[in-house]
Amino acid sequence: MLVAIGAAYGTSKSGIGISGLGQFRPELVMKSLIPVVMSGIIAVYGLVVSVLIASGLAPDNDYSLYAGFIHLAAGLACGVTGLAAGYAIGIVGDSCVRAYLNESKVFVTMILILIFAEVLGLYGLIVALLLNVKASDEVSC
């Protein structure tokens, strides 16, 4: 859920900048949709983690408290980093898209900053995947 909030914030904040850009230079709108796409990718990270956690659960298996806390930690790792990444993508996307209106050289810088913001969510995904493997080992024992 936190990942979805971050993705929604990033999409909405970037969308505000894109709509402002579209009033003056409509030909730049398609090129400026990159922050919105990157925000959507953040939401996919949360979906992947939730499907992996849910697929590891079965009503006939024992589910220890340890495995529950590991799954909670995996969800929080992905969720909080996704929230931070969505927030960063939204702020950077809005500012850089507005700056792109006046100076086209900002585009490459915008892409680089957005990639670094996206990596925050990717780190959380990696940690969540590692934790999920640890919890799967515990549940299967």
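Biologist: What percentage of the 141 residues of the protein chain count as buried?

Modeller: Good place to begin, and please keep in mind that this is a predicted model. A residue is called buried when its relative accessible area is under 20%. Here that applies to 35% of the 141 residues of the protein chain.

Biologist: Thanks! How many helices and strands does the protein chain have?

Modeller: There are 4 helices and 0 strands, so read from the N terminus the order of elements is α-α-α-α.

Biologist: What do the spans along the principal axes look like?

Modeller: The C-alpha trace spans about 60 × 20 × 15 Å.

Biologist: Which residues have the most contacts inside the largest nonpolar core?

Modeller: A nonpolar core joins buried nonpolar residues through their side chains. The largest one here has 24 residues, and I42, V49, C78, I89, M110 and L114 have the most contacts inside it. Two or more residues come from each of α1 (2–24), α2 (34–55), α3 (65–102) and α4 (106–140). The element that gives the most is α3, with 8 residues.

Biologist: What does V49 touch, leaving aside residues up to four places away in sequence?

Modeller: V49 touches A74, C78, L125 and A128. For the protein chain as a whole, take contacts between residues at least 6 apart in sequence: 81% of them join residues at least 24 apart.

How values were computed:
Residues are numbered from 1 along each chain as its sequence is written. This is a predicted model: local features need pLDDT of at least 70, side-chain atom pairs count only at pLDDT 80 or more; totals for chains, interfaces and linings use all residues. Side-chain values use heavy atoms; hydrogens and water are left out. Buried means under 20% relative accessible area, exposed over 50%, partly exposed in between (1.4 Å probe, protein chains only). Contact means heavy atoms within 4.5 Å. A nonpolar core is a set of buried Ala, Val, Leu, Ile, Met, Phe, Trp, Tyr and Cys residues joined through side-chain atoms within 4.5 Å.
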